[in-house]
Amino acid sequence: MNTPLKSSKPIPLTALVFIGWLFLMTFIPFLIILGMSFLERTPLGTISFHLSFNNYLRSFQYIYIKVLLKTVWLALVATLSCLAIGFPVAYYLARSRGWLKQLGLVLLFIPFWTNFILRVYGLVSLLGNHGLINQLLLEWGLIKTPLEILYTRTGVYLGLLYNYLPFLVVPIFSSLEKLDPALREAGFDLGANRIQVFWKVVVPNIKEGVFVGSLFVFIPMLGEYVIPDLLGGAKEAFLGNVMVSQFFVMQDWPFGSAIAGMLSLLLLITLWIQTRWSRIGGFRNGIDNAKS
Amino acid sequence: MELTMRKANPFVATIFFIAIFLLYTPLFYLILQTFLNNPYDLKSGFTFRWLLKLFHSPSLLEPLMNSLEIGVLSASLAVTVGTFGALGLFEFSALLPTTIQSLIMLPILLPEVITGLSLLLFFLLLHIELGFATVVVAHASFSASFVYFIMLEQLKKLDPQMAEVAQDLGAKPHQIFWKVTLPNILPGMMGGWLLAFTLSFDDFLISFFTSGAGLTTLPLKIYSLMRIGVTPELNGLSFLMICISTFLVLLLVSKEQSRKWVLRG
């Protein structure tokens, strides 16, 4: 397979169709938005074609940095919470057998396959002032006035946690499944107890997959728009929301593009940290885990 | 030793059941609301009114049809492009330069909000009118990479000797492709198609930016109904969509199950 004869063959035309498609439909649009970020909006609302860094300087203002930090912080906390809940869930599924495992997987996949907007709607109606939670709490006399969860930061946090949890359980589950049971048994035979086997055999072997799985939850959370929009209201905007409002409300496309540039930079930094931490080759494995 | 290993930790089991319970609470609440006279009052009594109303509202039929059509077309486009890519790059996949690898990963890693806005700018710059076609193309622009990875896995499972045998038996390259390679990668193509369809059918944000004013898909419709406020119609729709996703998952599982039975038998 890896003979030099084959690798020296020219890249076939079929591959060029795919690469050309990606270049035209993803890379060029991405370049356009990055290019736009170095232009400037004139007071008349048109766009002047002068190279300028003003948009980026403007994005370093306190209000935007605050949004940036809040986005990173909430995404981080929500990812760690997903991990804390998702790990036992995946572990339980991977260790169970027969019909219980089948049922568990089915139960996990149904919300996964239910429309994303609908899941958010479910949360909105559950957490709202007249929602189930407040209705029950008021009914039971536990509270006098409805709890404010919807349109607060807690609402956004719960939204992230709820919507991304299944996406983290699946990669953890598949890396646990790939773990050879003989490894655990060898650990027991060598006299380790359950806790030792877990930390010295299970964790080191699935670390990579869990890490990349978390990354594939953290990255889309950073770019989240719908959840802060519908569960957080105007106060709890993420970078994505600020970006969209610059485009459609302020009509300042160059500045909106600069926020897109900032978000992309954030992504690059995240990926850079990831490659620094993991061994070479581990990344590919992890991607395969996250996909399956 | 065997026995103690199989027994689940009660703490882990508890977290599992609580998590599943919480995962379903919002969905069950939506279903419950469909059958309440006043969706925001648990004691308002049972009714079929909202569900019946749903079937008499033509305003939901059009978004549904749009979503289905866009899903089918964009999935077919993505499978074509992604399969081409996997077939062409398979032999090189271990030695691909980082630039090409990053290009393939870009649509998967880029936040949807950036993908959507950059495509919007792209279409506006080219003076392409936003609508059905732009949404189809936009969906395929990101799902092609997912298909590519699925097809790469499928091709890895393929025995390279099969093609060699066919060659030894005198098959021409196009014959090898149509008679050996294609039938063997067809299951992967179907899997990729289903994934691309699901991604498209589920997508809100990219459709939001690339659909223009005239076109509504189902997620866009749900979003605009949510913005208006409580509409019992929306709950009826939720009920229906949860039923559909449940049905699809059960269908997939039962197919998998029956395949296992066939293999065993």
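**Figure 1. α12(A) and α13(A) cross in a left-handed way.** Left-handed here is the case where the near helix is turned anticlockwise from the far one by less than a right angle, and clockwise makes a crossing right-handed. What you're looking at is a predicted model, in which local features need pLDDT of at least 70 and side-chain atom pairs count only at pLDDT 80 or more, while totals for chains, interfaces and linings use all residues. Residues are numbered from 1 along each chain as its sequence is written, chains are lettered from A and ligands numbered from 1 in the order in which they are written. Helix α12 of chain A covers residues 239–248 and helix α13 of chain A covers residues 253–277; their axes sit 7 Å apart at an angle of about 160°. Axes are lines fitted to C-alpha atoms, for helices over the stretch in contact, with angles from 0 to 180 degrees between N-to-C directions. α12(A) and α13(A) therefore count as roughly antiparallel (over 145 degrees; under 35 is roughly parallel, 65 to 115 roughly perpendicular, the rest oblique). On the α12(A) side, the contact uses Leu239(A), Val242(A), Met243(A), Gln246(A) and Phe247(A), and the residues they meet in α13(A) include Trp253(A), Phe255(A), Ile259(A) and Leu263(A). Contact means C-beta atoms, placed from the backbone, within 7 Å. Sorted by class, the α12(A)–α13(A) contact has ten nonpolar residues, two polar and no charged. The classes are: nonpolar for Ala, Val, Leu, Ile, Met, Phe, Trp, Tyr, Cys and Pro; charged for Asp, Glu, Lys and Arg; polar for the others, Gly among them.

**Figure 2. α10(A) also packs against α13(A), with a right-handed crossing.** Helix α10 of chain A takes in residues 194–222, and its axis comes within 10 Å of that of α13(A), the two crossing at roughly 165°. That angle makes α10(A) roughly antiparallel to α13(A). Zoom in and you'll find Leu215(A), Phe218(A), Ile219(A) and Leu222(A) from α10(A) touching Leu263(A), Leu266(A), Leu267(A), Thr270(A) and Gln274(A) from α13(A). The tally for the α10(A)–α13(A) contact is seven nonpolar, two polar and no charged.

**Figure 3. α4(A) makes a right-handed crossing with α10(A).** Helix α4 of chain A runs over residues 62–95, with its axis 9 Å from that of α10(A) and an angle of about 145° between them. From α4(A) come Thr71(A), Val72(A), Ala75(A), Ala78(A), Thr79(A), Cys82(A) and Leu83(A); α10(A) answers with Ser214(A), Val217(A), Phe218(A), Met221(A) and Leu222(A). Nine residues of the α4(A)–α10(A) contact are nonpolar, three are polar and none is charged.

Figure 4. Helices (H or I, at least four residues) and strands (E, at least two) are DSSP runs, numbered from the N terminus. The C-alpha atoms of chain A fill a box of roughly 75 × 75 × 30 Å along the principal axes. Chain A has 292 residues, 43% of them buried. Buried stands for 20 or more other C-beta atoms within 10 Å of a residue's own, exposed for 12 or fewer, and partly exposed for anything in between, with C-beta atoms placed from the backbone. Count the contacts in chain A with a separation of 6 or more, and 71% of them join residues 24 or more positions apart. Mean pLDDT, the predictor's confidence in each residue from 0 to 100, is 86 for chain A, and 92% of the residues score at least 70. Residues 1–7 of chain A fall below 50, and that stretch has six contacts in the model beyond near neighbours in sequence.

**Figure 5. Where chain B touches chain A.** The two sides bring 68 residues of chain B against 70 of chain A. Among the elements of chain B that each supply at least two residues are α2 (10–34), α4 and α7 (132–157). α2(B) gives the most, with 14 residues. The side of chain B that touches chain A holds 55 nonpolar, ten polar and three charged residues.

**Figure 6. Tyr151(A) and His127(B), two loop residues with positive phi.** Most residues other than glycine have a negative phi. Tyr151(A) has phi near 65° and sits in the loop between α7 (132–139) and α8 (153–178) of chain A. Tyr151(A) counts as partly exposed because it has 19 C-beta neighbours inside 10 Å. His127(B), with phi of about 55°, lies in the loop between α6 and α7 of chain B. With 6 C-beta neighbours inside 10 Å, His127(B) counts as exposed.
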